[in-house]
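Visitor: I am new to this structure and would like to go through it with you. Could you show it to me, please?

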Amino acid sequence: MEKVTLDVSGMSCGHCVNAVEGNVGKLDGVESVKVHLDSGKVDIAFDLDKVTLGKIKETIDDQGYDVE
């Protein structure tokens, strides 16, 4: 299981949290997603055999947020 913390800008409210956690959480291989709105960080645990970090970043980007 891989664990990463991504810097994500543009998140400012509960809807943002739900959009990121909900859509990333739906990806096959993602074990957990936790948005830290105050710091602009997202903790993700995932199975690298099932989903790539690139796919996770793309999913966050598709919600309208910038991923570092």
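Visitor: Is D28 buried or exposed?
Guide: D28 is exposed, with a relative accessible area of 56%; buried means under 20%, exposed over 50%, and partly exposed in between, with a 1.4 Å probe and protein chains only. This is a predicted model, in which local features need pLDDT of at least 70 and side-chain atom pairs count only at pLDDT 80 or more, while totals for chains, interfaces and linings use all residues. Residues are numbered from 1 along each chain as its sequence is written, and side-chain values use heavy atoms, leaving out hydrogens and water.

Visitor: Where is D28 found?
Guide: D28 is in the loop between α1 and β2. Helices (H or I, at least four residues) and strands (E, at least two) are DSSP runs, numbered from the N terminus.

Visitor: And which residues is D28 in contact with?
Guide: Leaving aside neighbours within four places in sequence, D28 is in contact with K50 and V51, where contact means heavy atoms within 4.5 Å. The C-alpha atoms of D28 and D47 are separated by 8.6 Å, and these two residues are 19 apart along the chain.

Visitor: Let us turn to the sheet. What order do the strands have?
Guide: The order is β2-β3-β1-β4, in an open sheet of four strands with antiparallel pairing. Two strands pair if DSSP finds at least two bridges between them.

Visitor: Which strands stand at the edges?
Guide: β2 (30-36) and β4 (66-67) stand there, each with a single partner strand, so one side of each has no neighbour in the sheet.

Visitor: How many bridges are there between β1 and β3?
Guide: Strand β1 (residues 2-9) and strand β3 (residues 41-46) pair over six bridges in the antiparallel sense. Within β3, I44 stands opposite V4.

Visitor: What about β2 and β3?
Guide: β2 and β3 pair in the antiparallel sense over six bridges, and I44 in β3 is the bridge partner of V33. The hairpin of β2 and β3 has four residues between the strands, and G40 takes a positive phi near 70° in that hairpin.

Visitor: Now the helices. At what angle do the axes of α1 and α2 cross?
Guide: The axes of helix α1 (residues 14-25) and helix α2 (residues 53-62) cross at roughly 140° and come within 9 Å. Axes are lines fitted to C-alpha atoms, for helices over the stretch in contact, and angles run from 0 to 180 degrees between N-to-C directions. α1 and α2 are therefore oblique to each other; angles under 35 degrees count as roughly parallel, over 145 as roughly antiparallel, 65 to 115 as roughly perpendicular and the rest as oblique.

Visitor: Which residues meet there?
Guide: From α1, V20, N23 and V24 meet I56, T59 and I60 of α2. The residues of this contact divide into four nonpolar, two polar and no charged; Ala, Val, Leu, Ile, Met, Phe, Trp, Tyr, Cys and Pro count as nonpolar, Asp, Glu, Lys and Arg as charged, and the others, Gly among them, as polar.

Visitor: Which strands does α2 lie across?
Guide: α2 lies across β1, β2, β3 and β4, running at about 30° to β1.

Visitor: One more, on T59: buried or exposed?
Guide: T59 lies in helix α2 and counts as buried, at 11% relative accessibility. Not counting residues up to four places away in sequence, T59 touches N23, V24 and L27.

Visitor: And E58, what does that count as?
Guide: E58 also lies in helix α2, and at 42% relative accessibility E58 counts as partly exposed.
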